[in-house]
Amino acid sequence: MEPQRVQHGQTFISVNGGVLTNAGSVAISATGGANFSNVVQVLNGGKLFSGNVSVGAFDANGVYGNGLNNGNLYSVGGGAAMVTVSNGTIVLGGVGYSTLSAFNTMTVTNAQLQSGALTVGNGASNNTVSVSSNVTWNLITGNITIGGGTGNWLTIDSGVLTKRGRGRHRAPTARSTTA
Amino acid sequence: MASYSNTVNFGGLGSSSFVTNSVNAANALLVEGNANTLTITNATVVMGGSSSYLAIGNAGATSNLVQILNDGTLNMMGASVNLQWSHSAYSTGKRSSR
């Protein structure tokens, strides 16, 4: 059966001091049509433990989206207490209908985060990851990939990205320029 | 049929002990329709493993909120979390693919 192609939006999961644990994949805006402005946020000491996370049309299980999936947000951190998050791979942007899955955002602040590989773009354009103050992000496995589209950004401002404990990587703003 | 502007609370402030609710295997916790709120506080909700799922905002819905507040725990037991999934894909138990 074909999925419905309708406009959805403004759906929130807020882990506000609580715990969301043992989750499989987390798909922020998945299949089913045009999905806008959906948010997963972890704040005020909240904890999130999950498998792969997708922000945009690409489902973490490998299912392609089929429509506009713009302006979705994955917000890690906020409030006075540090949050703790563990994810599998994190992907912003779509595959298949890649050019339609743009302007998705991930922000990280005041957080302890570990994850697998990070992909910003994934064939789509204008997706952004911002890492700001008081962040330690340990990419346990995999690499950081920025691109596949244009205008995708990873910005690290006062945060720390590490990988497998083999030293710290501090980088200025990075930006993809070509597909 | 999806309903609208509902509030569902698991647990609650002032409860003296934790409450364990469960969503059994091959079942779903769905938030459909518009402007609905599901709150988990001072409670533990346990899903039924990878064959169950939490889906929010399907069927063309908007403005739904799931919030897990202090002392609230949602243990997915491997189940997936999906925002804005295709309702029809769920209803058939299949996910769309291309």
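1. In which loop of chain B is the place of B:Asp71? B:Asp71 sits in the loop between strand S7 (65–68) and S8 of chain B; helices (H or I, at least four residues) and strands (E, at least two) are DSSP runs, numbered from the N terminus. The phi of B:Asp71 is positive, about 65 degrees, although the residue is not a glycine. Most residues other than glycine have a negative phi. B:Asp71 counts as partly exposed because it has 17 C-beta neighbours inside 10 Å. The burial classes rest on C-beta atoms placed from the backbone: a residue is buried if 20 or more other C-beta atoms lie within 10 Å of its own, exposed if 12 or fewer, and partly exposed in between.

2. Residues are numbered from 1 along each chain as its sequence is written, and chains are lettered from A and ligands numbered from 1 in the order in which they are written.

3. The mean pLDDT (the predictor's confidence in each residue, from 0 to 100) of chain A is 77, and 71% of its residues reach 70 or more. Within chain A, strand S10 (residues 83–86) has the highest confidence, at a mean of 98, and strand S20 (residues 168–169) the lowest, at 43. The pLDDT is below 50 over residues 1–7 of chain A, a stretch that has 24 contacts in the model beyond near neighbours in sequence. Residues 166–179 of chain A also have a pLDDT below 50, with 23 contacts in the model beyond near neighbours in sequence. Two residues are in contact if their C-beta atoms, placed from the backbone, lie within 7 Å. Where pLDDT is low, the predicted coordinates should not be read in detail.

4. The overall make-up of each chain is as follows. Chain A has 0 helices and 21 strands. Of its 179 residues, 55% are buried. Among the contacts in chain A with a separation of 6 or more, 81% are between residues 24 or more positions apart. Chain B has 1 helix and 9 strands, and its elements run β-β-β-β-β-β-β-β-β-α from the N terminus on. Of the 98 residues in chain B, 47% are buried. For chain B, residues 24 or more positions apart account for 86% of the contacts with a separation of 6 or more.

5. Strand S6 (residues 39–43) of chain A pairs with S9(A) in the parallel sense over 4 bridges, pairing being assigned if DSSP finds at least two bridges between two strands. In this pairing, A:Val40 is opposite A:Tyr74. S9(A) also runs parallel to strand S12 (residues 105–108) of chain A, joined by 4 bridges; there A:Val108 is the bridge partner of A:Val76.

6. A nonpolar core is a set of buried Ala, Val, Leu, Ile, Met, Phe, Trp, Tyr and Cys residues joined through C-beta atoms within 7 Å. The largest has 57 residues, of which A:Val76, A:Val108 and B:Leu54 touch the most other members. Beyond its neighbours within four places in sequence, A:Val108 has contacts that include A:Leu113, A:Val131, A:Val135 and A:Trp137. In soluble globular proteins, nonpolar side chains tend to be buried together.

7. A:Asn110 lies in the loop between S12 and strand S13 (111–115) of chain A. Its phi is near 50 degrees, a positive value in a residue other than glycine. A:Asn110 counts as buried because 20 other C-beta atoms lie within 10 Å.

8. Strand S3 (residues 19–23) of chain A has parallel partners in both chains. It is joined by 3 bridges to strand S7 (residues 47–50) of chain A, with A:Val19 opposite A:Lys47. Another 3 bridges join S3(A) to strand S8 (residues 72–75) of chain B, also in parallel, and here A:Val19 is opposite B:Thr73.

9. B:Ala26 is found in the loop between strand S2 (19–22) and strand S3 (28–32) of chain B. This residue is exposed because 12 other C-beta atoms lie within 10 Å. Leaving aside neighbours within four places in sequence, B:Ala26 is in contact with B:Gly48, B:Ser51 and B:Ser52.

Terms used: This is a predicted model: local features need pLDDT of at least 70, side-chain atom pairs count only at pLDDT 80 or more; totals for chains, interfaces and linings use all residues.
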